[in-house]
Amino acid sequence: MSTEPETTEETGPGTPKTPQAQGAPTPGDAAGSALAGDDGAERADDGETGEPTRGPAGAPEAEAGDAGSGSAQAASEAAGKPGMSEAEAELAAQRLERERIERRKAEKKGPVQSGAKLSGKAADLLAAVRAVEGGGRPPSTVSAEPARSTSERAPAAAPVPPAPAPEPARSAPAPVAVGPSPRTVDDVRRVLVEGGAPEALARQAAVALGEGAGEVLREDPWQLLRAPGVRPEQADGFARALLGAGCGPDDERRGRAVTVWLLEQAALAGHTALELPALTAALAKQGVPDPDAAVRSTLAEGEALVFRDALEEPGAPAAPEEDEDEERPVRVLVALERYALAEESLADGLARLVASPSQDAEEAWAAVVAGVSGGAAELARAVAGHGLVLHTGGEASRAEPAALLAAARDAGLRALAVCHTPDGRERLAALPGTPGAGVGGVAGQGPSAEARAGGGALAGQDPTAAARADIGTVAGLLTGAEGSGRDADGALELDLLIVLDAPQLDVETAAMLVESLPDGARLVLSGDPALLWSAGPGRVFADLLAARVCPQVASRTPDPGPIGELVSGIGIGELNQVEAPGKEVVIVPVRDAGEAVHRTVQLVADSVPRAFGVPAEQTVVITPGHGGAAGTRALNSALKERLNPGPGRFGGFDPGDRVAYSPAPGRTLPGTVVKADAEGLHLSCAGAPVVVPRERVEGCVRHGWALTAHQAVGGRWPAAIVVLPGDAVQALNRPWVYTAFGRGERHLSVVHGAEQALPRAVTDIPAKPRTTRLGTLLRPQSQNG
């Protein structure tokens, strides 16, 4: 099993670069996968890959407390406080929602049924867990004993503090202070200096470890691995400086810290869990002398959970009761509690929706079915009779859930549709029959390029006017900034929720959405399964499609034009030549990365505006990674010099610069620099003003003429230029090409230096696999269905 990141890019700016520590390479000097087996391999900032970023729920967990049944309302109210930005409100809503999920999980009667007998090392691990459950410490060696037939879990200890996300920007003066206290940061800084580590890590380590972080680091220096970008060899140097002769590779603290670090790196690569053999092999490559003991210790301390999942073929019947004593093959998985909890909560919530569609509004749903036609009618019939429905198709198929939304609202149902990005929201609102159709453009053709370049609002118009009450974004719904609100129990006041761009749902965001729906509500997950998967861990939409626990409606509406024809072929593994009489698709061959940068600048600044009337600000450049001679850094530097030259007086930025702003991990908003002052960098993103504090600019903002495909997913531009340099062929696979080529509406130029790597990626290289448990957890529903 590969635990290599599925792409070589990141979805947001990540963390600021830090000076080199102990002579070890900085995080940006290594490339590749953290678990791919190469020493020093990592998703790096300056190589062909991007530095690690956290999933959408990667902010520190909220402190324990009584969120109450009105936690959702509290989050919604927080979103409206003058001192709290949208990003801060989003993180607060995630914390409150996570507390609610944890309370629901605590009420469950027993573990999830999914497993069979074990022997050997796996049995030793599970014996260690049972010892801890009985109140004792695990023995160093445990003889194998009969395994229980249910999943084993480590004690319900406090979750591992997640690695920190960049602190959200504020959108108003005098923001509410968030993060660790200055005293905690100072304590951490003193310990870092004593151990020879960069002082710049102080705040990140304090956020990751919480109050008392300085003492934690002094007692266990390997906890420095909780700070983003720190590698085991750097933590080893720090530990040697603090502990002296008492530091060694066999230290139990090191084994636990490296185990958790590997699980976090796996999450960055999209996995929610790791198979035990893969984890122990990765531990051995990190110099842990006894990987099995390290895993046992990690489980004993409650820093990870272990599961036994039966290996069954999809669709295979359940084993008969008389064969329960017969040993069946299983796989042993180790997971961080936050992802295991999210996956189980998501499976429970989906099962609840599948089992309890409301029958109270039969007349209204009959009216919905009668009010639509074509593909939308097939979708409406499925939704009328089921609590969960999956809908698949390309960009043109979005008209079907749009028609369903309009018909549901006309029938008096409380319905809402949410998208991954503000741009997706505006494209949905512009479709015929949906509220907001024609805002900034012609109904049925989407908003005009001018309106969408400014965030969807017309000149002089309040940016919020482009967003209607029944169309929003996932982030806006979870923060309470969009949608119809929540009831006294914290559930969304909805009869129907339609989630477009469903492949971009990571497991934690999906769990929060599903847990927020009331009993009897209907959920439609709609999206293009050929796109890149979510930036955060999990593959929710793909797992649901494979599990076949609910109706699936495949749209028959093809994407139009030469670009649509080209992308449709890529989706089934064919790279075809297409007729493009209007030069909708152009291939620009290049010999090397330097020529690729030169031709890209020429296309953006001259050729595309002259030939197609698309100005430079409405053209997106997409390339596989941030580093390299033709990565986003090199391209953005060249494009800025041509399109908006300036001294870059504020962190390298000038007014008029296009930027990619990451308000929260896993989210990227295109924007423009307005000005800079003592408060920070002022941006216009999706038509709304944003102020990024000075200390957060390096970690949250990049230049944005050129993006990676993960940053661009969920958005579309009048013209797209995809750069394929020869040194980035390792990054290419079918979902990447499909996603990148599909970002242009009217024109696509391919700056092609990858030679045969491009057709090989399309025909032979599918998405890299992710290890998840959702399919196993959904299996009982599939068998019952």
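Me: How do I read "buried" here, and on what kind of model?

Reply: Buried means under 20% relative accessible area, exposed over 50%, partly exposed in between, with a 1.4 Å probe and protein chains only. This is a predicted model: local features need pLDDT of at least 70, side-chain atom pairs count only at pLDDT 80 or more, and totals for chains, interfaces and linings use all residues. Residues are numbered from 1 along each chain as its sequence is written, and side-chain values use heavy atoms, leaving out hydrogens and water.

Me: How many residues of strand E10 are buried?

Reply: Strands (E, at least two residues) and helices (H or I, at least four) are DSSP runs, numbered from the N terminus. In E10 (residues 522-527), 6 of the 6 residues are buried, so the strand is largely enclosed by the rest of the structure.

Me: Which residues lie on each side of E10?

Reply: In a regular strand the side chains alternate between the two faces of the sheet. Here Arg522, Val524 and Ser526 take one side, and Leu523, Leu525 and Gly527 the other. Both faces are covered.

Me: Which strands pair with E10?

Reply: Pairing needs at least two DSSP bridges between two strands. E4 (residues 388-392) pairs with E10 in the parallel sense over 5 bridges; His391 has Ser526 as its bridge partner. E9 (residues 496-499) is also parallel to E10, over 4 bridges. Leu496 stands opposite Arg522.

Me: What about helix H25?

Reply: In H25 (residues 734-741), 7 of the 8 residues are buried, so the helix is largely enclosed by the rest of the structure. Among them are Trp736 and Phe741.
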